[in-house]
Amino acid sequence: MTDDRAAFAERMVATLTGGAMTLMISVGYRTGLFEAAVAGPATSAELAERAGVHERYVREWLGAMVTGGFFDHDPRTDRYSLPDAHAPFLTGETAANLAPMTSMLRAFGGALPELERCFTEGGGVPHAAFRPHFDAVGAVPGDSWRRIYEEQLVDGFLAAVPGLVDRLRAGAAVLDLGCGSGHAVRVAARAFPASRFTGLDIDAEQVATARAATEDLPNATFVVADAAALPADPAYDVIVAFDAIHDQQDPDEVLRRVRAALVPGGVFVMVDAKFSSDLDKNVGHPLAPLCYAISLMYCTTVSLAEGGAGLGAMWGIERASDMLRAAGFPDVVVLDSPRAQNCLFVCST
Ligand SMILES: C[S@@+](CC[C@H](N)C(=O)[O-])C[C@H]1O[C@@H](n2cnc3c(N)ncnc32)[C@H](O)[C@@H]1O
């Protein structure tokens, strides 16, 4: 075999292994095995007992975990351990824990038969079709984003925008457009009691979840509404959209509505993917393949399902900036966010 062929053959095996390990991580996350392992080295029986699951399954799962380099195994004691250096990425409540991401991928995977049909028949997979594959931990954006907001929303995302935190402290009317189940609104409403937050989403079920989880916060309200019909009145001092513009059916109209719904001197902060609109410029970016895949499996198809623009998450900084300017924001400033795959588009009026 040529060097190139041999290298690619190796890469294929590593890729298949990565796919299988993603599923194994999902199993470990959802059965509580990673959390159970934090208590210290354990035999498969001890670990199974800690997690309240069947030993035979745990032993086979540990086989994948050990040979995959996730766990250590001591052959003298037959005990398995999760190394300290690995634990933060698989356990706990911090944003470093990437295990919840596997649930999201698994949920997207559940809709693959419908997605494949769209390749031949056109159209898209509507948001509602993902529902059977979502649950409390697998919902989009899911547990991962809850952790990210709790840790990074105020000190990371909002603090990155000059003057925004002061404005929120003083008291501002804020709209979170495409708020999902309201994690960001909750975190911000707690941090800035003088500001009033409205979360808006078209998905009634997510808004119901948001309302139920936010009853204790008098400065947070939620509405079920289509962002493409956002009225200019009431106007807001600050409008934010976290990962919620590119999968809109009509993003141009939404951006125009956002512009019209800001008070003079208001600001729109859009958090979106930090990639180029030019595929070739994304080659070599370590996060690009994952983000293109997520874009295909969810963002692009949900928009196409509504007969929409199908921008996809990888629409890129150049195209996003052009669209923001066309919507009436002449000065678009692109800032880094605390996450490598996201940037902030700060649009002043
Ligand atoms: C990827 S999720 C982001 C959710 C949330 N901003 C977060 O980061 O946790 C995109 C959200 O946009 C909402 N959405 C899509 N189209 C919408 C529309 N036309 N009007 C309002 N919300 C919409 C979806 O229901 C979904 O909750």
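I began with helix 3 (residues 44-51) and helix 4 (residues 55-67), whose axes lie 9 Å apart and which pack at an angle of about 115°. Axes here are lines fitted to C-alpha atoms, for helices over the stretch in contact, and angles run from 0 to 180 degrees between N-to-C directions. Helices (H or I, at least four residues) and strands (E, at least two) are DSSP runs, numbered from the N terminus. I noted the crossing of helix 3 and helix 4 as right-handed. A crossing is right-handed if the near helix is turned clockwise from the far one by less than a right angle, and left-handed if anticlockwise.

I listed the residues that make this contact (heavy atoms within 4.5 Å). Helix 3 supplies Ser44, Ala45, Leu47 and Ala48, and helix 4 supplies Glu55, Val58, Arg59, Trp61 and Leu62. By class I have six nonpolar, one polar and two charged residues in the contact of helix 3 with helix 4. The classes are: Ala, Val, Leu, Ile, Met, Phe, Trp, Tyr, Cys and Pro nonpolar; Asp, Glu, Lys and Arg charged; the others, Gly among them, polar.

**Ground rules**

I am working on a predicted model, in which local features need pLDDT of at least 70 and side-chain atom pairs count only at pLDDT 80 or more, while totals for chains, interfaces and linings use all residues. Residues are numbered from 1 along each chain as its sequence is written, and side-chain values use heavy atoms, with hydrogens and water left out.

**Helix 7 and helix 15**

I then took helix 7 (residues 112-121) and helix 15 (residues 288-305), whose axes come within 11 Å and cross at roughly 65°. The crossing of helix 7 with helix 15 is left-handed. From helix 7 I noted Leu112, Leu115, Cys118 and Phe119, and from helix 15 Leu296, Met297 and Thr301. Six of the residues in the contact of helix 7 with helix 15 are nonpolar, one is polar and none is charged.

I followed the chain to Gly124, in the loop between helix 7 and helix 8 (127-130). Leaving out residues up to four places away in sequence, I found Gly124 touching Cys118, Thr301, Leu304 and Ala305. Gly124 is partly exposed, with a relative accessible area of 24%. The cut-offs are under 20% relative accessible area for buried, over 50% for exposed, and partly exposed in between (1.4 Å probe, protein chains only).

**Cores**

I looked up the largest nonpolar core, which has 35 residues; Leu153 and Leu164 touch the most other members. Two or more residues each come from helix 9 (142-158), helix 10 (164-170), helix 11 (183-191), helix 12 (204-212), strand 5 (220-224), strand 6 (236-242), strand 7 (262-273) and strand 9 (342-348). Helix 9 gives the largest share of this core, seven residues. A nonpolar core is a set of buried Ala, Val, Leu, Ile, Met, Phe, Trp, Tyr and Cys residues joined through side-chain atoms within 4.5 Å.

For Leu164, leaving aside neighbours within four places in sequence, I recorded contacts with Leu158, Val238, Val267 and Val269. Another core, of 29 residues, lies apart from the largest one and includes Leu177, Val258, Trp315 and Cys347.

**Ser276**

I placed Ser276 in the loop between strand 7 and helix 14 (279-282). Ser276 counts as buried because its relative accessibility is 10%. I found a polar contact of 2.7 Å between the side chains of Ser276 and Glu318. A polar atom of the Ser276 side chain also lies 2.9 Å from the backbone nitrogen of Asp278. A polar contact is a pair of N or O atoms within 3.5 Å; within protein, one must be able to donate a hydrogen and the other to accept it, and residues adjacent in sequence count only if both atoms are side-chain atoms. Beyond four places in sequence, Ser276 touches Lys281, Asn282, Met314, Gly316, Ile317 and Glu318.

**Backbone checks in loops**

I noted a cis peptide bond from Asp233 to Pro234, with omega near 5°. Pro234 is in the loop between strand 5 and strand 6.

Phi of Asp78 is near 55°, a positive value in a residue other than glycine. I located Asp78 in the loop between strand 1 (72-74) and strand 2 (79-81). Asp243 has a positive phi too, near 60°, and I found Asp243 in the loop between strand 6 and helix 13 (251-260).
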